[in-house]
Amino acid sequence: MAPPNQLCLLLVILLSIFSFSCLPTSAIIPKANVSLPIHSSQLVKNLCNGKAIQNRRFCLKALFTPEVIAAMDTTQLGTLIMKLGAANSKATLNVYNEIIKKPGSPQALKALNCCAEAYKYAILSFEMVSSELVEDPQTENYDVAVIGPKIANCEKELMNAKVQAPRLIAGNRFMKYYVSMGYEITSILELENPNEY
């Protein structure tokens with residue numbers, strides 16, 4: 001029989017996989033094999049080719065969903081990106097919360113709690129931006145941009161505490177991608193309506 005520590009680790013891994021498979025992570029690795037309509041396709045291509053985009057391939061995969069196919073304009077696309085960012089934040093926060101419940105060093109617990117707070121902030125920011133995107137893209141651009149440093153601080157804390165968790169590292173990487181997509185779409189909205197804001 002495996003030692004209790006190995007069983008706990010296996011349980012955390014399985015719970016992580018299960019929690020990610022139950023949440024709307026199809027945005028991360030879409031399963032649909034559908035062609036985008038020309039208008040939606042051009043919106044997505046313009047966004048994913050933007051200067052702020054950190055990973056073009058991820059951007060294209062994340063936005064290859066039925067909801068995006070139905071997006072008729074940049075504002076709708078922006079709202080969907082914010083919702084995807086919030087869903088990814090929630091899924092990653094769930095993993096952090098599960099790991100926090102496990103015994104560990106005080107330094108690791110401090111780092112994990114720092115990251116949990118960063119993800120709570122990210123969820124609130126993405127949700128707020130999603131609901132207020134049409135009102136003021138310039139302010140929303142800033143609201144998305146400030147998520148990035150919080151995640152960078154989370155990564156720094158994890159490294160300093162020597163926390164090695166591939167799922168957390170992947171979650172942080174995906175968050176950076178969603179932040180770059182959110183920043184790019186709000187920048188595009190600012191350019192489309194320069195006199196309105």
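Are Tyr-96 and Tyr-119 buried or exposed? Tyr-96 is buried, and Tyr-119 is buried as well, where buried means under 20% relative accessible area, exposed means over 50%, and partly exposed lies in between (1.4 Å probe, protein chains only).

The structure is a predicted model, in which local features need pLDDT of at least 70, side-chain atom pairs count only at pLDDT 80 or more, and totals for chains, interfaces and linings use all residues. Residues are numbered from 1 along each chain as its sequence is written, and side-chain values use heavy atoms, with hydrogens and water left out.

Confidence comes as pLDDT, the predictor's score for each residue from 0 to 100. The chain has a mean pLDDT of 79, with 78% of its residues at 70 or more. Helices here are DSSP runs (H or I, at least four residues), numbered from the N terminus. Confidence is lowest in helix H1 (residues 4-22), at a mean of 40, and highest in helix H8 (residues 147-160), at 95. Over residues 4-38 pLDDT stays under 50, and the model has 41 contacts beyond four places in sequence for this stretch; a contact means heavy atoms within 4.5 Å.

Next come the aromatic rings. Rings of Phe, Tyr and Trp (its six-membered ring) pair if their centres lie within 6.5 Å; planes under 30 degrees apart count as stacked, over 60 as edge-to-face and the rest as tilted. The count comes to four aromatic pairs. One of them, Phe-58 with Phe-174, is stacked, at 5.2 Å centre to centre and 20° between the planes. Phe-58 lies in helix H3 (residues 56-62) and Phe-174 in helix H9 (residues 166-192), so this pair ties together parts that are 116 residues apart in sequence. Phe-58 is buried at a relative accessible area of 6%, and Phe-174 counts as buried at 13%. The rings of Tyr-96 and Tyr-119 have centres 5.4 Å apart and planes at 35°, so their pair is tilted. It links distant parts of the chain, with Tyr-96 in helix H5 (residues 74-100) and Tyr-119 in helix H6 (residues 106-132), 23 residues apart. Phe-58, Phe-174, Tyr-177 and Tyr-178 form one aromatic cluster.

Finally, there is the nonpolar core, a set of buried Ala, Val, Leu, Ile, Met, Phe, Trp, Tyr and Cys residues joined through side-chain atoms within 4.5 Å. The largest such core has 53 residues, of which Leu-63, Leu-77 and Met-181 touch the most other members. Helices H2 (38-48), H3, H5, H6, H8 and H9 each supply at least two residues of this core.
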